[in-house]
Amino acid sequence: MKFTLTAQLVDIYQKQIYPAKVFVENKIITRIEAINSGDTITKGFLMPGFIDSHVHIESSMLIPSEFARIAVLHGTVGTVSDPHEIANVCGMEGVQFMINNGKQVPFKFNFGAPSCVPATVFETAGAALNSDDIETLLASDDIKYLSEMMNFPGVLHNDPEVMKKIAAAHRAGKPVDGHAPGLTGAMAKQYIEAGISTDHECFTLEEAVDKLSYGMKIIIREGSAAKNFEALAELIDDHPNMVMLCSDDKHPDSLVEGHINQLCARAVAKSLDVFNVLKAACINPVKHYNLNIGTLRVGDPADFIIVEDLTHFKVLQTYIDGQALLTTDEKSASSAPTASTATPATSRQSLIQSVAATPINQFTCAPVNEVDLAVPIASYPNQDGLIPVIEALDGQLITNKLYLPATVINDCFVSNTADDILKMVVVNRYHMAPVAKSFIKNFGFRTGAIASTVAHDSHNIVAVGATDEAIAAAINAVIAAEGGVSCVDGNNETLVLPLPVAGLMSTEDGFEVAKKYTAIDAMAKSLGSPLSAPFMTLSFMALLVIPHLKLSDKGIFDGDRFAFL
């Protein structure tokens, strides 16, 4: 393969834009020549491709090959991907599934070794990875780093198993990703000095600046649930060499709409320096993780994109290893399938073909009934009629811990739709066990329920609803599918999106999954929820490593005390 391109070249290293001819041969950029401004050049700007610096592919509900088909439409050429979600369900087999499927398409997935499987000892996962497993993974060229070290208490207390995992990464010469929400001061310094190099969990500017002062790099996150871009965007100009961009968790409908290109457009709209923005989006991840992704220099892999302008970043073409991955005939692409609410960054179509995949899973769970979901007064913590209630926060993974008046019927605590205090439960999907129960505020359902096996990090079944009848119906719909998301309305009408791969991902066409997810998301919102992403928010209500109050399959967990109530 040999070709040349002429375009306005965006040189991020030199902070220059100039007309140039780029020569590509055998997947490599062999020469770059400046040309006269009067010469005929290709429409648009030639620049390095975008990289999502921290993403769980599983959260898109798509297998890697389908994720790639959509991501290239937005100029994404690679990801730094933590297969933590499938590892919690299927262990080493799950990690290998992601690697193997990703290799079947022209896209640069860079997977890490999941550091915390299970995420905590306070929940039931489907698998465990010990330090020997981590050492085995890190010895592979397919594994580029140690994924987010969520067990920051283990780091601070020098837990031997935790420290062995970090040491294994250092011996392999591979970076260690962090995860330490809210950690600042001396404890943050200790955590960073253990050899942990990044954090994507900062939700205030003060926290990020504190961690930067100790040499940690900050990955600014804007996903379908956690949205920290507005709080942290100014770091791009203030610390251009120390910042990257990521989505972390991105549902299929929002992936169809855009990816890292959207963050670049928002950053430029804030009058941030375009070269600093592109350094965060395209260059810094390559340097930090030592990725085999080109940055538009001679000798680099021919990974680059052509965008219409440097304001909106509408993508005209994406190249990976010199292969053009989008159609060039926009007229024929006008029927490109998209989610009904999506506004794609390009009207072109992906040339990446779908790949057949055989699902892997772990699911041992029997249907539940209303009796299983009852909350007798004596079984639930309460103080003079006040019960602990999780307060969900839109756009955040953290929650608040409230104590609110309880509603009692037949000596049981029940949902109170008038005050928006709803029952939430977690059902162990790996073996038979009692249902864990709690109450939550801000889901807003007046009727119906939703359930999901996308439930970070152990991916048991999590459900919330207005009545026990609706909650049981939603849970049982997911059980019948052996994984997925479901919604039951006030008329007992049910929608289910099956996720046969580990209860996390579909094997269907990615655009079709996006359409189906859009429909079930709209149904959930029609129940009365004010949340921008009710399923995504629900999926994090069992994530114990994010404070303050959460629910695992074993009970209500107080993240401030790191103990059950």
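**Close-up views of a predicted model**

At 36% relative accessibility, Y403 counts as partly exposed, and the model in which this value was computed is a predicted one.

**View 1. Y403 and the nonpolar surface patch.** Y403 belongs to strand β18, which covers residues 399-405. Together with L386 and L565, Y403 makes a nonpolar surface patch of about 240 Å².

View 2. K108 lies in strand β7, which is made of residues 108-113. Is K108 buried or exposed? With a relative accessible area of 11%, K108 is buried, because buried means under 20%. If neighbours within four places in sequence are left aside, the residues in contact with K108 are V77, G78, T79, N292, I293, P301, D303, I320 and D321.

**View 3. D372 in helix α13, with K437.** Helix α13, formed by residues 370-373, contains D372, a partly exposed residue with a relative accessible area of 30%. Although 65 residues separate D372 from K437 in sequence, their C-alpha atoms are 9.9 Å apart in space. K437 is also one of the residues in contact with D372, along with P367 and V435, once neighbours within four places in sequence are left aside.

**View 4. Two cis peptide bonds.** Most peptide bonds are trans. The bond that joins H456 and D457, however, is cis, with an omega of about 0°, and D457 is placed in the loop between β23 (449-452) and β24 (461-465). A cis peptide bond also runs from P547 to H548, where omega is near 10°. H548 sits in the loop between α16 (534-539) and β27 (549-552).

View 5. Most residues other than glycine have a negative phi. The relative accessible area of K27 is 46%, so K27 counts as partly exposed. Where is N158 found? N158 is in the loop between α4 (152-156) and α5 (160-172), and its phi is near 55°, a positive value in a residue other than glycine.

Methods. Residues numbered from 1 in each chain as written. Predicted model: local features only at pLDDT ≥ 70, side-chain atom pairs only at ≥ 80, totals over all residues. Heavy atoms only, no water. Patch = residues over 30% accessible without salt bridge, like charges linked within 9 Å, V, L, I, M, F, W, Y side chains within 5 Å. Areas by Shrake-Rupley, 256 points an atom, 1.4 Å probe, with all protein chains shown as cover. Salt bridge = Lys/Arg side-chain N within 4 Å of Asp/Glu carboxyl O. Helix = DSSP H or I, 4+ residues; strand = E, 2+ residues; numbered from the N terminus. Buried < 20%, exposed > 50% of the residue type's maximum accessible area, 1.4 Å probe, protein only. Contact = heavy atoms within 4.5 Å.
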